[in-house]
Structure formats: structure tokens, C-alpha cells
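Subject: Structure handover

Hello,

Here is the structure to look through. Please open it first, then read my notes below.

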Amino acid sequence: MTLCSIPASLLYQLEQELDTDEKETMVFLCSDLMPDVFMSDVPQLLTTLNEKDMLTTINLSELLYRVKRFDLLKRFLGTGRAAVEASLANHSQMLSKYRVLMTEINEDLEKEDLISLSFLLKNHLGTSYKGKSFLAIITDLEKLDLISPMHLDLIENCFLTIHRKDLAKKIQKYKLEAQFPTMNANVLQRSLPKLSLADPPEPVKKERVMNGACAAQAEQIRISIPETKVQGCNKYRMQSKPLGVCLIIDCIGNDEGLLTKAFKSLNFDVHCRLFLTMDAVMRDLYEAARLRAHKDADCFVCVLVSRGNQQHVFCTDHIAPGFQLERLKDFFTGKKCPDLSGKPKLFFIQNYVEPQNWQRNASLTEADGDLCTIPQVADIFWSHCTLDASVLERSPYSSSYYLSTLAGLLMDPQKRKLPLLDIFVELNNRIYEWNSINPTEKYQLLLKHTLRKKLFLTDK
């Protein structure tokens, strides 16, 4: 039995204090964490979060802060608004910045704005659609894959059309911060007022150079590696032991053995999880992003193998729309996982596409529309391979040629010395040759990245 972090009696009292709008806001804020909870079912939401050890006192304070129930913070948790704001500024936040932004916009909307939005979106939501609230509209647009954390042009254009430029600017600011999560020009200028981008930093005693920062023990000076002439700045530092965490989530069960062997040979700390539901995947990603091991590591790897469609994976639930692939990287970027800022984050996905589910959504968006926005932040390497799920019906225990070839290249003593992008040139070539002689089993490989330096997975 899982031990609960918060007494059930306290959760009951808190839930009784919330009105309908506050409950809707709370569930919307947590919908990434608990995607199966209905919009009005706050008791189930709080209970499930609590049972999964995701509802600490800090996280509960964050929730109450976001619904602006500062009185409940003081009465039930013995803290105040200023203390929560300080905690949010210095620690990882449970709630996504995207959902927080939507709730803030919801508070700023007038009734007339909501009517105008509903009218503008009738072509997307149906002519008979009646928007109950802004958050309900956003939820319905998400279900249709018309908006997502990195795909907000539709709602931004709507705000411009109804002359709410203030709200459009909030979205533009969010998009800029999401694209450059670790870059703050004003902070950088204040911290280094006399240092040009071409000048090397002053010598610092007992410094430890790492990806993304130069941590000094004697002085509190932080300098971004790309903006200095630190030796070897044209490539990512890959010297930590272990090199980093490698999270393998295999919902098919045919590839984890070879993948584990490959990444262990590269000195990764491999965490392997098999046959997970969507709920379990969400929890594992949430927990993996908070591992203390990231602080001293130089890299992070995530491998995901599942059935799905072009933009989602179904895990073992086999339920559309499933888990949106774009959300995968969000757990490990920006404030969600500050210990990985400036460090390469590698994602390898093998998705067995089930045509009937994909055809149902094909009219709603382009085949790879969301995939194009996935690596919007720095230091991301995104390799997404799709294969018709009928292959699994014919050969249920066969390995993915994409993953087995990748593992083989990473274990090859000569190939592994190449930059990762060069390894993928070889991988692309082998996939092309495979497809030419196996027309009924064609792999489609998409590679996108925002790496800022060369990436070698070994220094040997």
C-alpha cells in the first residue's frame, strides 16, 4: 500500500472550500499529470496524486497558489503567498508553464471575449459549439490536437483578432521563453558587465567545468560555456561517471535487452521499464526528471517504444489519442528539470503506427505538424521512427531494425567515436537500404535537433 503524503481529511476539507471555477482550474492545471481524471472530479484528482506520492506539501501549496486561494494556504498549510512565490522561484515546479499561462489568461478574459472566441473557433469546434469556459475551450482544442504547449498560433491569432493584444503578448513571451529556457540576456548582462563574448573569463580557483555552466567553488560566478573560450567548448563535455541517466520505456518488450547493453557500454545509468500504462509513463517521466543524478551528469537519454499514431503513443492502454509525444521533452527542459539545462537531452522513439487510429485524426492536422515543433528548445536531439503496426502482428517478437541498428552502431568501437550526427548518417543509410529490400516493412525516420555543439558519446 502506498503511503499518502497528505492526510485524507485535509484534502477533503480543502476540496469543500473550492467553488466550481476553482475546481475546474485545479483539474486543468494537473491534466498533464493525471490525464484520465474528469474535469469536475477534484476529489479523485487529489486522492490519486496523493496515492502516487506526487502531492507533497510544496506541490499542494503550488496548486492553492495558482487558484489564488491564499486564505487556504494560511489556514490549512500555515504558509503565505510570499513564501510560496519564493519556493516557486528556487525549486522545480509541479505544474507546466503552459497550463499556468492558460489559467492566467482565463482570469483576464471578459465575458464578451469568451463569446468572440467561441464564434471564431466554430470552424474548428463545430457550428453548434458553445464554450462553457476558456479552459474548457482549450481542453477541447487539445483533444483535437489544434493547440499544444508548443503550438499556440491558433489561439494567439484569435486574441489578435478580438483586439486582446495584451493576451497575445503573453503567449509570445511564453513561446520565446520556451524556445530559449536558459537564456536571460538581462541577467547575463548584469552578472558579466565587463565581459565581452570574445573574452575568456577571469581565472577562477577550483572550478569545475560542466555542460551549460562553469561552477566555481571559491567565487559565485556562473558563465555559460558557449560564450567563453573554455577549452573544448566546440563539443559537449562528456566525462561524468556515469555519463548520465538512460530511461528506457519499452511497451512492446522486444528491444530493452539490446538497448540496455548498448547504453551501459557507454557508461550510462540505465533505468528500464516494461509494459507501462499511460498513467505509469507519466509518473515515471515525472520522477525521472527529479532525479538528483542529473546534477553531476553530462547527458540524458530517453528511449520510448510503443504502439501509437504519428503524434501519440498508446503505451499498453491501446486507447486513442494516447500520450502526446511533444510532451515527452517537456519533463526535461527549462524549469521542469534545471539540472539538465545546457546539457544534451537525447530522445529515441520507435512508434508502431496503428492506421485505424491515425486515419481517424488525419483530417484534423498535418501528419507531422506537431513533430516539427518538438525540438524548440536548446540541446535537444530527437529521433522518431515509425513503422506500421501490422509488422508486430506478423512478427510479434521481432526487434526494431531502427533500434537494433542504433544499438549496434553505439557498441561498435570505431563508429561510437564519431559525432552523434555522423552516426545517424550511417543509420539513415542502413535504414534506406533496409527499406529498398523490404518494401512491406518500411521504416520512416525523422531527425530533428537543436544541439549547439558536437556531441561525442565517448571520449575514448
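**Strands that pair**

Strand 8 (residues 345-353) and strand 9 pair in the parallel sense over nine bridges. Strands here are DSSP runs of E with at least two residues, helices are runs of H or I with at least four residues, and both are numbered from the N terminus. Two strands pair if DSSP finds at least two bridges between them. F348 stands opposite S383 in strand 9. Strand 9 also has six bridges to strand 10 (residues 444-449), and these two run antiparallel. There, F381 has H449 of strand 10 as its bridge partner.

Is strand 9 enclosed or open? Eight of the nine residues of strand 9 (residues 380-388) are buried, so it is largely enclosed by the rest of the structure. Buried means under 20% relative accessible area, exposed means over 50%, and partly exposed lies in between (1.4 Å probe, protein chains only).

**Before you go on**

This is a predicted model: local features need pLDDT of at least 70, side-chain atom pairs count only at pLDDT 80 or more, and totals for chains, interfaces and linings use all residues. Residues are numbered from 1 along each chain as its sequence is written, and side-chain values use heavy atoms, with hydrogens and water left out.

**The whole chain**

The protein chain has 20 helices and 10 strands. It has 460 residues, and 49% of them count as buried. Take the contacts in the chain with a separation of 6 or more: residues 24 or more positions apart account for 72% of them. Contact means heavy atoms within 4.5 Å.

**Aromatic rings**

The structure holds 15 aromatic pairs. Rings of Phe, Tyr and Trp (its six-membered ring) pair if their centres lie within 6.5 Å; planes under 30 degrees apart count as stacked, over 60 as edge-to-face and the rest as tilted. One of the pairs is F263 with F268, edge-to-face, at 5.8 Å centre to centre and 85° between the planes. F263 is buried, at 1% relative accessibility. F268 is buried too, at 5%.

The rings of F381 and F424 have their centres 5.0 Å apart and their planes at 70°, so this pair is edge-to-face. The pair links distant parts of the chain: F381 is in strand 9, F424 is in helix 20 (residues 420-437), and they are 43 residues apart. F381 has a relative accessible area of 0%. F424 is also at 0%. Which residues form one aromatic cluster? They are F263, F268, F348, F381 and F424.

**Backbone points to check**

Most residues other than glycine have a negative phi, and most peptide bonds are trans. A cis peptide bond joins K241 and P242, with omega about 0°. P242 sits in the loop between strand 2 (213-216) and strand 3 (244-250). S240 lies in that loop as well. S240 is buried, at 7% relative accessibility. Its side chain reaches the backbone oxygen of P242 at 2.9 Å. Leaving aside neighbours within four places in sequence, S240 is in contact with N267, D296, A297 and D298.

D145 has a positive phi, near 60°. D145 lies in the loop between helix 10 (134-143) and helix 11 (153-161). H163 has a positive phi of about 65°. Its place is the loop between helix 11 and helix 12 (165-179). Are these two residues buried or exposed? D145 is buried, at 7%. H163 is exposed, at 68%.

Best wishes

Notes
Polar contact = N/O pair within 3.5 Å; in protein donor to acceptor, adjacent residues only side chain to side chain.
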